[in-house]
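These are my notebook entries on one structure. I set down what I looked up, entry by entry.

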Amino acid sequence: MGREFTALFDEWSESYDRTVAGEDVEYREVFEGYDRILEAVAERVSGTVVEFGVGTGNLTEKLLAKSDKVYGIEPSEGMRREVLKRELPMELLDGDFLEFPALPSSIDAIVSTYAFHHLTDVEKERAVALYSQLLAPGGRVVFADTSFASAEERHEIEQSALEAGFLNLYQDLRTEYYTSLEILNKLFMGHGFTVSFTRLNRYVWLLEAVKLA
Ligand SMILES: C[S@@+](CC[C@H](N)C(=O)[O-])C[C@H]1O[C@@H](n2cnc3c(N)ncnc32)[C@H](O)[C@@H]1O
């Protein structure tokens, strides 16, 4: 589910790492501090970790430095091919945020970077409900993704992309399912999590949700 962007990622897979390194001027601000953003997610988790939307495996590599076991779930065949080239000691699975192969009963954390916006808000709620069942009390969800602190901020960011002539970025901002901190807060609290947010760059916020007893 929520797989309508998979073909785009198949195409993007070979050049993706050049984009995150800042080669594409339109997306430079979105990926500003990319390495630090992935570190911020990886340093908050340990034990058995499930990662959604693995991409080329950049976050996975950081997770493996301190986690016991990483299950990486990725719907794009092109991206899975890129991850396999790295020969990481992980379980790489074909799946998405909502549909994935059976996972072990004991999961400590669920993580993702730059991917949760591929789900509509209705799908996001279904995903959060699922993760609430997968995690025991104290389990964590740590996501870093583009989100907006307010409707005004969203408008201002969209307008500045348009004015800079960044039409691909503008189109993404208007057609993918970027959401607000308010909605994310409501979704996670509604499914038994405490939630906190930290801004990581102009676009990206870190969401840290802890499952309550
Ligand atoms: C912008 S890339 C981010 C990759 C990586 N996490 C990173 O931070 O560099 C988004 C990733 O999410 C994946 N994706 C797209 N739709 C998805 C879905 N419904 N469920 C899980 N992953 C999805 C894409 O195939 C792609 O690998």
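Entry 1. I looked up Tyr114 in this predicted model and found a relative accessible area of 9%, which is under 20%, so Tyr114 counts as buried. I placed Tyr114 in the loop between strand 4 and helix 6. Its phi is positive, about 55°, although Tyr114 is not a glycine. I noted for context that most residues other than glycine have a negative phi.

Entry 2. I then looked for another residue with a positive phi. Glu87 has one of about 50° and is not a glycine either. Glu87 sits in the loop between helix 5 (77-85) and strand 3 (91-93). Is Glu87 buried or exposed? Its relative accessible area is 71%, so I recorded Glu87 as exposed.

Entry 3. I turned to the aromatic rings and recorded 16 aromatic pairs in the structure. Tyr34 belongs to helix 3 (residues 34-42), whereas Tyr114 is in the loop already noted, so the pair ties together parts 80 residues apart in sequence. Both Tyr34 and Tyr114 are buried.

Entry 4. I examined the pair of Phe143 and Phe188. Their ring centres lie 6.4 Å apart with planes at 80°, so this pair is edge-to-face. Phe143 is in strand 5 (residues 135-148) and Phe188 in helix 9 (residues 181-190), so the pair joins parts that are 45 residues apart in sequence. I found Phe143 buried, and Phe188 as well. Ring pairs also link these two into a cluster with Phe52, Phe97, Phe100, Phe116, Tyr131 and Phe193.

Entry 5. I checked for a charge over a ring. Lys69 lies over the face of Tyr71, 5.6 Å from the ring centre.

Entry 6. Which residues touch the most other members of the largest nonpolar core? I listed Phe31, Leu63, Val111 and Leu173, out of 34 residues in that core. Among the elements that each supply at least two residues are helix 4 (58-64), strand 4, helix 8 (167-175) and strand 8 (204-211). Helix 3 gives the largest share of this core, six residues.

Entry 7. Leaving aside residues up to four places away in sequence, Leu173 touches Phe148, Arg154, Ile157, Glu158, Ala161, Tyr178 and Tyr203.

Definitions and conventions: Residues numbered from 1 in each chain as written. Predicted model: local features only at pLDDT ≥ 70, side-chain atom pairs only at ≥ 80, totals over all residues. Heavy atoms only, no water. Phe/Tyr/Trp six-rings, centres within 6.5 Å; stacked < 30°, edge-to-face > 60°. Helix = DSSP H or I, 4+ residues; strand = E, 2+ residues; numbered from the N terminus. Buried < 20%, exposed > 50% of the residue type's maximum accessible area, 1.4 Å probe, protein only. Lys NZ or Arg CZ within 6 Å of the ring centre and 35° of its normal. Core = buried A, V, L, I, M, F, W, Y, C linked by side-chain atoms within 4.5 Å. Contact = heavy atoms within 4.5 Å.
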